[in-house]
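I opened my notebook to look up a few things about one protein chain. The entries follow in the order I made them.

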Amino acid sequence: MQEIGIESTLVEDIRNHKKNIEVRLGKPRFLKIKEGDILSIREDLYLDGKIIDSFNDSLRIKIAQVLYFETFDEMLDSIDYRAAIPSAKSKKQVLDKYREFYLAEDEAEYGVVVMFFEITE
């Protein structure tokens, strides 16, 4: 079973059924994920942009659908930004958050993978 790390406030949004997609660069690891796969979520606590603690297997999700986009902009034109970051007030705010984690060069090289999911446990 694959494990992915998600920031702790977003894990809480998943638990509260506010967040139902996860967005990543289309790197080989994420391109292998398919509908029906179960992923273990590692809850990561951040301070000043760095992980200070992690909790393995905080919850598990089942992938319901996988979509591919060339850019975050293209993805956000097709998908409600609140499904990715429920606390966001705008598409721009979500895009700015992704820019904190992903370089534009990497986005251009790998594209974007969107995984729709359900909580399994």
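What covers the buried residues of helix 1? I kept in mind that I was working with a predicted model. The cover includes strand 1 (2-7), strand 3, strand 4 (50-69), helix 4 (81-84) and strand 5 (112-119).

**Entry on helix 1.** I listed the buried residues of this helix, which spans residues 8-15, and found S8, L10, V11, D13 and I14. I recalled that an α-helix has 3.6 residues a turn, so residues three or four places apart point the same way. After helix 1 comes H17, and I noted its positive phi, near 60°.

**Entry on the whole chain.** I counted 6 helices and 5 strands in the protein chain. Read from the N terminus, their order is β-α-β-α-β-β-α-α-α-α-β. I then looked up the overall size. The C-alpha atoms fill a box of roughly 35 × 30 × 25 Å along the principal axes. The radius of gyration is 14 Å, and this agrees with a compact globule, because a globule of 121 residues would have a value near 14 Å.

I also looked at contacts between residues at least 6 apart in sequence, and 72% of them join residues at least 24 apart. Buried residues account for 40% of the 121 residues.

I found 18 positive and 25 negative side chains. The centres of the two sets lie 1 Å apart.

**Entry on D44.** I placed D44 in strand 3, residues 38-47. Is D44 buried or exposed? D44 has a relative accessible area of 2%, so it counts as buried, the cut-off being under 20%. The D44 side chain makes a polar contact with the side chain of R42, at 2.7 Å. Setting aside residues up to four places away in sequence, I found that D44 touches G5, I6, E7, S8, I51, D53 and S54. One of these, S8, was already on my list of buried residues in helix 1.

**Entry on S40.** S40 is also a residue of strand 3. Its relative accessibility is 7%, and therefore S40 counts as buried. Which side chain makes a polar contact with the side chain of S40? The partner is D57, at 2.8 Å. Beyond its neighbours within four places in sequence, S40 is in contact with M1, Q2, E3, I4, D57, L59 and R60.

Conventions: Residues are numbered from 1 along each chain as its sequence is written. This is a predicted model: local features need pLDDT of at least 70, side-chain atom pairs count only at pLDDT 80 or more; totals for chains, interfaces and linings use all residues. Side-chain values use heavy atoms; hydrogens and water are left out. Helices (H or I, at least four residues) and strands (E, at least two) are DSSP runs, numbered from the N terminus. The radius of gyration is taken over C-alpha atoms; the globule rule is 2.2 Å times the number of residues to the power 0.38. Buried means under 20% relative accessible area, exposed over 50%, partly exposed in between (1.4 Å probe, protein chains only). Contact means heavy atoms within 4.5 Å. Lys and Arg count as positive and Asp and Glu as negative; His and the chain ends are not counted. The place of a charge is taken as NZ of Lys, CZ of Arg, CG of Asp or CD of Glu. A polar contact is a pair of N or O atoms within 3.5 Å; within protein, one must be able to donate a hydrogen and the other to accept it, and residues adjacent in sequence count only if both atoms are side-chain atoms.
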